[in-house]
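Hello,

Please find the structure we talked about just below. Could you look through it before reading my notes?

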Amino acid sequence: MKSILAALGLLFLFASCTTNHEVDLIVYNARVYTVDSAFTIAEAFAIRGGVFVEIGSSERLLQRYEAKETIDAQGAAVYPGFYDSHTHFLDFAASLDMANLYGAKSFHDVLLRLQAHHKTYPDRPWLVGAGWDQERWDDESFTVRDSLDKYFPDIPVYLSRVDYQAASVNSKALELASIDTAFYVEGGLILTDSLGRLSGVLMDNAMDLVKSHIPEVDDNQELLALTKAEQLLFSVGLTSIVDAGVNERDLEFLRNLYTSEKLKIRNYAMIEDNLRTVRRMIRSGYYDDGRLHIRAVKLTADGLLRTRDASLLTPYSDDSTTRGFLLQTPEELERTIKEIAATNFQLSTRAVGDSAARLILDLYGKYLGQNNERRWRIEHAQVVNELDFEKFDRFRVFPSLQPANATSDMYWVKNRIGEERLHNAYALKRLVDNYGMLAIGSGFPGENFNPLNSFHAAVTRVDANGLPEGGFEIKNALTRREALMGMTIWAAQACFQETRRGNIQRGKDADFVILSQDIMTIPDGELRRVAVLRTVINGETVYQKK
């Protein structure tokens, strides 16, 4: 009897050992940038149940484990899944079905694209487009509304600018919104021409006056757009994103999609700063199903440098009549900050100009104090006053910036803010040196969604054409190691997720990307041409280059 029991015990032990050594996937013969604390470079890793179980040499892992699937990386570079720290995912998805105005070189080009789009979709009740950017245009004499009316007199037109902070509309759209004259809009502008007539341009909060009249797409159409957008993100190596400001309806829609497993990209969705919505969602507590995570609020302090509505301490260098403005009063901002400080939710605030940044930093410090662990964030921080950099460290405010903004804006921003302020603009390196880390995002669809474009802009401070020679304010370039950390482990830390993802480490989510070239070693000029060979989330391949 004892011998039988002993034999059964040995059999059970053997079976247990065999099970422990079975894994779902081994990736080997690779150059694995783990982005761990020692920035270790390994050869292979094994995955079981959607997490990394061991990282090491190819020989050891292939001998130690029986894998259902193996991938010979053939020497390719492997990185943790890329994390975009500032996106507008739903806007991006919606834009895929609109008239594409990105890169239009003139308003005439915009009109040609609109005519082609309307011809393709003649039965749509509104003509909606996105992506125009007047900074790309030569000095042209035209009136937006009159030009749109000439070609589209009978269909309402709504065209979002590239940054989604302004819109061009025609008379039909203004008529549907019952706007026949300019009036005061808190945190927004209804622009007029030199004769005092409506120009057809709405800025910031004024945009909603017309946008609210655009019919919503049905759920099935929206799902198709989101899954199409998701596949595009997978194709460039993104496995996690921050959706920076989502309204209550869309948060519930996203929750339903993730619950039914219709979306796979990991989404740290921030609650749009409608105080009623914020209060209701805070009462419900955090939401986290492993893919969708809701525990942060997005607040908006000011506008953009492009349109001179970012709030500056002193007037714009090219318009001494304005210092920009806040989109909410200081009292409203403080009320929201105070209320959220009393909860355990994270707060992230868009502050572009140095006046807005100072106000938000000081309010954060007032309600959180020094050396806190709340990881409250400032988004953009495009101009920071010399006296305020140290506050990021003192009040432990996590900087979240978009490197591509610097290389998009560099052609005109010096005229806007002048030489002196320029030295403290888009100050990636200065903020890393002060705070110790930086979350990197793109701001898509305002900028291109490819994280390697952001990586290139961060480390070279030049555009896709390699200009300017020597780099724009090159002293604020990041090292490649810092840039990689900014789009992996630091991005995860900005979202309280560093124990779960952000690097290739035992016990963490098996999110990784395989690239055609090693972005840590190749020449600068090749960075934007690197292809993604495979994107994996939770051990599942969600994209593979054909």
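This is a predicted model: local features need pLDDT of at least 70, side-chain atom pairs count only at pLDDT 80 or more; totals for chains, interfaces and linings use all residues.

Residues are numbered from 1 along each chain as its sequence is written, and side-chain values use heavy atoms, with hydrogens and water left out.

Helices here are DSSP runs of H or I with at least four residues, and strands are runs of E with at least two, numbered from the N terminus. The axes of α8 (residues 219-234) and α9 (residues 248-259) come within 12 Å and cross at roughly 70 degrees, which means that α8 is roughly perpendicular to α9 (a word used for angles of 65 to 115 degrees).

Turning to the peptide bonds, the one joining F444 and P445 is cis, with omega about 15 degrees, and P445 sits in the loop between β22 (439-440) and α17 (451-460). Another cis bond runs from L467 to P468, with omega near 0 degrees, and P468 belongs to the loop between α17 and α18 (480-486).

Finally, N29, which is not a glycine, has a positive phi near 55 degrees and lies in the loop between β1 (22-28) and β2 (31-33). R375 also has a positive phi, near 55 degrees, and its place is in the loop between α12 (354-368) and β20 (377-380).

Best wishes

Terms used. Axes are lines fitted to C-alpha atoms, for helices over the stretch in contact, and angles run from 0 to 180 degrees between N-to-C directions. Angles under 35 degrees count as roughly parallel, over 145 as roughly antiparallel, 65 to 115 as roughly perpendicular and the rest as oblique.
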